[in-house]
Structure formats: C-alpha cells, structure tokens
Amino acid sequence: YEHEKTSLMMVDDVLATNGLEIDWGALDEPLKQVGNGIDCETFGVIRKNKNEPGETTVDHFTSRDWIFIKECIYGKPLVYPDAPDKQNAFVGRGKEKEFLYDIISNRHSGLDVDRYDYYARDGLSAMGKKDTYNVLLRTAVVARGLCPNRETCFDCKDIAPAEEARHLMICYPVKHISEAMSFFETRINNHDKIYTHKKTKAAELLMVDLMVESDRHFSMLFSTQHNDPDAFPTHSRFANFEYPKLPLSRAWMYPRLFLRADDSIVGVIEDKVLESSDEGLAPLKKILHHLRKHEFYKCVGEVEIDEIGGDTLFDMDEDDIKKEMVTILLETEGNRIARTNATYELGDEEHITLDTNDIIVEKRELHYGSKEKNPVLQMNFLEKKHFEDIDLLPIEKLPLAGPPDKLPLNKPEHFIKRTIRFFSRDREKNELLGHAFQNWKIAKEEGYDEMKMCFEEIDDEGESQSQSQSQSNPALLTQESASFSAVKRRKLDF
C-alpha cells in the first residue's frame, strides 16, 4: 500500500462525482462526459478577450492535464489501474517541461514545495524556528542538470555509461549550498523531534491498537455491495472486492469512506462501545480509557544500531527481538530450557506476568532524505555567471549544471541513523520491561549468544505458558502522529 495511490483514487472520484472521466484514447481533448455534473466543454480556464470586451474563451482541461496532476502526486509514470498499462515515461507533460514535476514531487533530490511547506510549518509551530532556506525559492532556475539516479531513473537507465544523462531540472546558485544543507537538516530534525518523537510515537501506537481492535468489531457501512449506488457512487478499482460489511482497515479502498475515517471516527467508535453490553469489547474499552486519560504507551528503551548489533539486529524480526528480551534460561538437570514468558513474584502473593505482547518493537530510520546518501549531492548548482539573462534563453541554450564540488565544513559525518525503540503496552510493567531492556542491552553489548534475565529487585521466577496473541507492529493507519484535537471528549464509565 502506498498512500499516494489513495490520493489517485480520490482524483478519479472527484471527476466521477462531476460526471467526468480521463480518456486515454483522446489525451488532448476535453475530459470524457460519463454522467451529469460539469459540462466537459466548459470545464477549464476562462479567459477574457482583450480585443472584444464581454467575450470569453475556454481553455479546456484535457485528459492529459489530469494525468499530469496524477503523475505529480505519484512522482513517477503511472501504472495500472491509473493507466491502461504500465507507462515507461511521463505522459502529462513532455521532456521540454519535465522540470514542472520537480516543483511538486522532486524525484531527483526531494527538495520540493510539499516538503518545504510542512518542514517550515511544523518547525515554526512545534519548535518556534523560522526556516533559513527561503532564499532557495527565490533563486531557483531551470537548467540542464546531471541525473543523480541514472541507474534507477526510468529515463536514463538505458543510456550508455559513456553518455551524459541530463534532465531539465530546477537548479540553484552555488552560493546557496549551505541553505540546501539546512533544508535537509530540518527534515531529520523534524522527524526526530516531532514526527517520530517517542511521545508522538507512543500516542500513535495506542491509536493503532485502537483501530486494530475496532476493526474486529465494527464496519464502515452495513451495506457495501456494488449494486448499492447510494453507498458507493464510484466502485472500487479492486477486482472481486465485495464485503457484506466493510472493515475499517479497508476504508482506503473507497475514497468516500476514507474521507470519513478522520479523527471523528474515534468518537463514533466510543459511542458504539458505550452503547454495547458485549463483554468482548472489554479490550477496546480499556484502550479508550487509556486514550481519554492520556495514558499513552511508555518508551522503556532505545538502542542505536551502529553501536549495538548492526545490520544483523536491524534485520532481525521484531517478534524474535521480543522473545529474546523475555527469554529465561533455566538450569534444569543440566539442560538450558528457553521460555518466552515469565511470572515474577512481587511478594504478598502478588505476581506479574511478562510476555511478548507487552512489548512493541519499533525500528526507526532517520535520514536527510536520501537514505545513506548526501541529498545535496543529488542537487545541481550553477555558477553566478550563468544567471545573466537565463530566463530569456531557449531550452537548447540553457546552461549545464552539476553537483557541488565543495560541501559545507559542518556537513554531517553520517546521513542515516537507525534505532530500535521498545514500548510497553502495560503501565504496571513499565519498570519491569525497563529492567528487561537493560539486561538485554548489556547482553548485546557483551556479545552473549544466550541471555539470562537477571532482576535484582525481583524475588523469584515462575513458569507459565504464553497466552499472547501477537498484535505487534500492525500497519500504521497514519503517516505522521495521531491528532486528537478534533475528537470529542466525554466521560467513560468502565
């Protein structure tokens, strides 16, 4: 699943709602009329005739125009079902205007207005920092730049190695290399301190558990058959997709339902839970209780992969990491017996059971936008002498740009940081899991193949069989942190 594909579905739904459709057989003609709504002959940009006051002309929106919009969203050539078959090049605009794609979704370096907007917005709102790279917008020009990804670029991968692979792309003055680096530093800082901050992620993981548990009990509509025109004005693009009830986790397959899955869905779920006497909803009630009291999951530990474990640990399955944390090696008649849950006595006949479902393992990658690469080296720059009258030059005479020869002295040594974080689902076990994490970390640092859990503050170790049904690492339903501002609050009686 790619969230861009849901956006493409919404484009189709917007057109279908207005009785229009993209016609791949007539790309440069007005959109295809398929129903009542907007007249395809009048759908476009209305221009006044300067010579004849009162007269207007219409520049029709064509199918090619809307394909261009979808390509800007997707960032690469369209594939089925957004095209009759997989496309090998952009269709919406030709090579002479390929730089337009870089404005919305820059496939070369990642510096585009989408990222520029939310980096500046979130940095100012969350941390009170104004951007220092606004000058990049004012000084950007179009030039012929070297393709930084020729091995994977759909346009350049077949070009002979001895030939230069160039695109018409957005380029910048050499003197603004530092500002470009500042842009990508903002990216990693925002992700570290806002989007994937441990408190943000703790709230997000609680919301994920809420949606996963709700998915077992509730559906979006009671009638979702294809023969119900009121429920679905636009049919799903997925073959054989029919449900008597549509699970919440499948709402993205229908744009109309996906739009309903906003923050208010939590209030709807809450109402349903309070109205029901079903004992099977007890886990969901517990999650809602934690949500309303802001009792989010606790981050009990974090390790950097470069310091512990390396690629071997990062590639390790999350369930195996959890089992490793809670494994107890008992000496029984000279044999080591591994168990994946444990009961610890706390005194006065109290005990606490630890199992793998108490832990959420989150693998996190923080980078500057191009994984291990320096994203500034993915950009193209021009010397000052090339900027004279560059706006007046025809395409064939545009100057040649290239990656920077020199980088700022304060450039980072590494461009990617990978960590593994551990969250506790049960507040009563936060301290215990913290001890488990520290013992696991020490064992990893010392290179033990077999780890023994040692808890100084705990009296004894018991035995039990794991009864957990793993719900770890469900597919996240949001790109960023969960937002609670629009959710109505009410008192819960549990």
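Student: How many salt bridges does the structure hold?
Tutor: The structure holds 25 salt bridges, a salt bridge being a side-chain nitrogen of Lys or Arg within 4 Å of a carboxyl oxygen of Asp or Glu. The model is predicted, so local features need pLDDT of at least 70 and side-chain atom pairs count only at pLDDT 80 or more, while totals for chains, interfaces and linings use all residues. Residues are numbered from 1 along each chain as its sequence is written, and side-chain values use heavy atoms, with hydrogens and water left out.

Student: Which residue meets glutamate 204 in a salt bridge?
Tutor: Lysine 201 does, at 3.3 Å from N to O. Both residues lie in helix α7 (residues 198–215), 3 residues apart; helices are DSSP runs of H or I with at least four residues, and strands are runs of E with at least two, numbered from the N terminus.

Student: Are those two buried or exposed?
Tutor: Glutamate 204 and lysine 201 are both buried. Buried means under 20% relative accessible area, exposed over 50%, and partly exposed in between (1.4 Å probe, protein chains only).

Student: What about arginine 418, what is its partner?
Tutor: Arginine 418 pairs with aspartate 311, with the closest N and O atoms 2.3 Å apart. Arginine 418 is in strand β14 (residues 416–424) and aspartate 311 in helix α11 (residues 310–314), so the pair ties together parts that are 107 residues apart in sequence. Arginine 418 counts as buried at 18% relative accessibility, whereas aspartate 311 counts as partly exposed at 46%.

Student: Which residues are linked in a network?
Tutor: Salt bridges link Lys95, Glu98, Arg107 and Asp155 in a network.
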